[in-house]
Amino acid sequence: MKIPIKELLPAFLFLTLPVTAHAVETSVDSTTLVRIEQRDVTGGSKQTYAPATQFLGLDMDKLADGNLSLHLYGWGRYDLADKSFNNDRAAGALTYGYLQYRFKNANADVRAGRFFVHEGIVNEQLDGLSVRSDLPLGFGVSAFGGATVHTKHLAGESSDGKGDSLFGGRANYRYKGMFELGLSGVYEGKAPALLTYKNANHRLLGGDIWLSPCRMIELMGHSSYNPDTKRVAEHSYLLNLKPVAHLTLAGEFNEHREGSYFNSSALFTKMPGFNPAEKSRSIGANASYEISKTVDVSADYKHYTRDIGNADRYGADVKLSLLNNMFRSGVGYHYLRAGQGFAITGTTSASYHELRCYALYDTNSFFTSFDVIDYLFTKRVKNEKSAWEASASVGYHITPNLAVSGDFSYGQNPDYIDETKGLIRLTYNMTYKNKGEK
Amino acid sequence: MRFFQQIFPALALAGLIMILAACAQMKAIPGLPASHPEALTVGQQVSCAECHEDNQNGTLKAFDAFSHSPAFVKNHRFYASSDERLCSSCHKSSFCNDCHTNQVEMKPSIKYGNRPDRDMPHRGNFMTLHKIEGKLDPASCYRCHGRANNERCITCHR
């Protein structure tokens with residue numbers, strides 16, 4: 001496993017912490033998983049996988065003058081049996097590692113290291129610096145800049161198709177908790193040329209809105225524009241209506257111009273069916289109602305429009321919570337009506353029914369759960385009527401922070417005659433005292 | 001493209017001036033606490049309105065808008081894009097990054113196989129289903145897998 005030094009640079013920020021730190025609050029989250037999976041591949045041989053994975057997070061608050069904090073999170077894996085999916089027996093990633101300084105007023109903060117940015121139309125991970133603050137008169141501003149976090153190289157290429165630098169930010173205006181308007185943008189350095197993939201620069205400008213003239217009505221969403229293609233990339237909007245307590249009626253509208261929205265993803269431009277001239281659209285509605293503190297019901301409908309055809313999905317879910325939330329359960333049913341244009345190669349329809357049922361019982365000492373999910377195809381896929389999986393889990397809280405558990409699942413589907421999976425899990429979640437247990 | 005390159009320095013300069021102006025008046029602008037002051041029940045659909053009754057402070061949105069109803073959970077991306085600072089008062093970044101990250105090691109529904117009550121993507125045999133869902137709504141794939149989190153994708157899509 002090769003990890004370039006620059007990948008570890010954010011972690012080295014730890015070494016820069018002031019030595020005068022006092023009254024530091026430290027939180028460690030650890031999840032250790034050893035999985036054992038056996039797959040009987042249709043028309044092939046049996047495969048056995050035993051990857052051991054460690055997720056580890058560290059949060060240190062109240063450093064230096066009390067406003068500085070350190071946040072680290074990442075994972076590492078080692079395959080104890082067959083290689084689990086690529087040529088590397090071991091792998092790992094630093095998901096984030098940054099220092100944050102929070103000012104006491106104006107929701108202002110500065111972050112340095114590796115982190116994620118979610119601002120308006122921007123969703124990025126970078127190694128760099130970000131600043132954010134509320135401003136007088138309801139205005140606000142944020143900005144970020146640094147180096148792109150690269151992923152694995154594309155097949156047959158010497159890069160992942162991303163540019164090396166990343167900048168952007170958002171400016172917004174809020175009025176009395178009634179509406180918010182935002183303008184945001186992201187500018188990535190020049191995308192590298194690729195041998196077999198199409199590629200384009202990742203640059204977007206956009207606006208977002210949140211409008212709530214009264215507490216019964218809430219409209220929100222965003223539109224983005226691709227300055228390279230000089231066309232709109234995305235519209236995505238949601239309308240929430242809350243006519244009575246505990247009832248939410250929602251309507252959503254999404255439209256994507258593939259040539260502008262997907263063009264900076266070399267991987268997506270090579271997907272089957274990608275058409276840069278296409279405009280895909282989905283319109284949906286959802287109703288959810290909390291009948292009581294113990295029962296939630298919801299129903300949803302969505303219509304999809306693409307060049308290859310139209311499709312509809314509808315269904316309902318019921319969720320139950322009893323015994324002071326120690327017992328939680330749910331059932332759901334959805335049906336997708338989709339024609340041959342969406343079908344898996346070799347079949348004439350993509351329609352399927354989805355059935356799900358689960359239950360969980362969690363006490364101060366032990367916890368147990370089961371989950372069954374079944375996809376029933378209206379036309380057989382690889383001569384199989386369905387893809388189903390049943391799983392069960394049982395565990396024990398050794399201390400309030402430390403728990404050990406084991407999962408077992410079995411399923412059959414068009415890809416595997418039998419798929420058997422087992423897992424042992426050790427979790428340690430340390431929370432701050434007298435805080436939100438985040 | 002040229003237009004974007006021309007306006008970017010102007011936008012950056014405007015942002016810098018606004019930040020400097022804000023620094024002068026920061027003490028007058030309220031801020032959210034770093035953490036929620038009380039522990040919240042794990043696994044429960046949190047209703048902010050139980051305690052925060054129209055408790056708007058400055059330009060803050062009504063807390064009721066953030067109650068974790070099934071509709072909120074389904075559409076949380078709209079809220080996170082403009083109020084991440086409020087999300088972070090109860091959730092660590094890692095809570096989001098189990099699904100939204102650059103390199104994911106396993107399906108979140110496997111990592112949290114003991115929590116079937118949590119809404120997680122790709123439950124069950126999604127290997128088969130993605131051949132339908134990917135054609136149906138590629139934008140929903142793109143949000144997580146478009147420019148990141150694609151190591152498993154390139155194993156077959158080459």
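The entries below go from one chain to the contact and then to two residues.

**Ground rules.** I am working from a predicted model, where local features need pLDDT of at least 70, side-chain atom pairs count only at pLDDT 80 or more, and totals for chains, interfaces and linings use all residues. Residues are numbered from 1 along each chain as its sequence is written, while chains are lettered from A and ligands numbered from 1 in the order in which they are written.

**Chain A.** I started with secondary structure and found three helices and 23 strands in chain A. Here helices (H or I, at least four residues) and strands (E, at least two) are DSSP runs, numbered from the N terminus. Chain A has a radius of gyration of 25 Å, close to the 22 Å that the globule rule gives for 438 residues, so it is as compact as a globular protein of that length. That radius is taken over C-alpha atoms, and the rule is 2.2 Å times the number of residues to the power 0.38. I also noted that the C-alpha trace of chain A spans about 65 × 55 × 55 Å along its principal axes.

Next I checked burial: 39% of the 438 residues in chain A are buried. A residue is buried if 20 or more other C-beta atoms lie within 10 Å of its own, exposed if 12 or fewer, and partly exposed in between, with C-beta atoms placed from the backbone.

**Where the chains meet.** Two residues are in contact if their C-beta atoms, placed from the backbone, lie within 7 Å.

**Ile132(B).** I found Ile132(B) in helix 6 (residues 126-136) of chain B. Is Ile132(B) buried or exposed? Ile132(B) is buried, because 22 other C-beta atoms lie within 10 Å. Leaving out residues up to four places away in sequence, Ile132(B) touches Ala338(A), Phe342(A), Ile344(A) and Ala350(A).

**Leu40(B).** My last stop was the loop between helix 1 and helix 2 of chain B, where Leu40(B) sits. Leu40(B) is partly exposed, with 13 other C-beta atoms within 10 Å.
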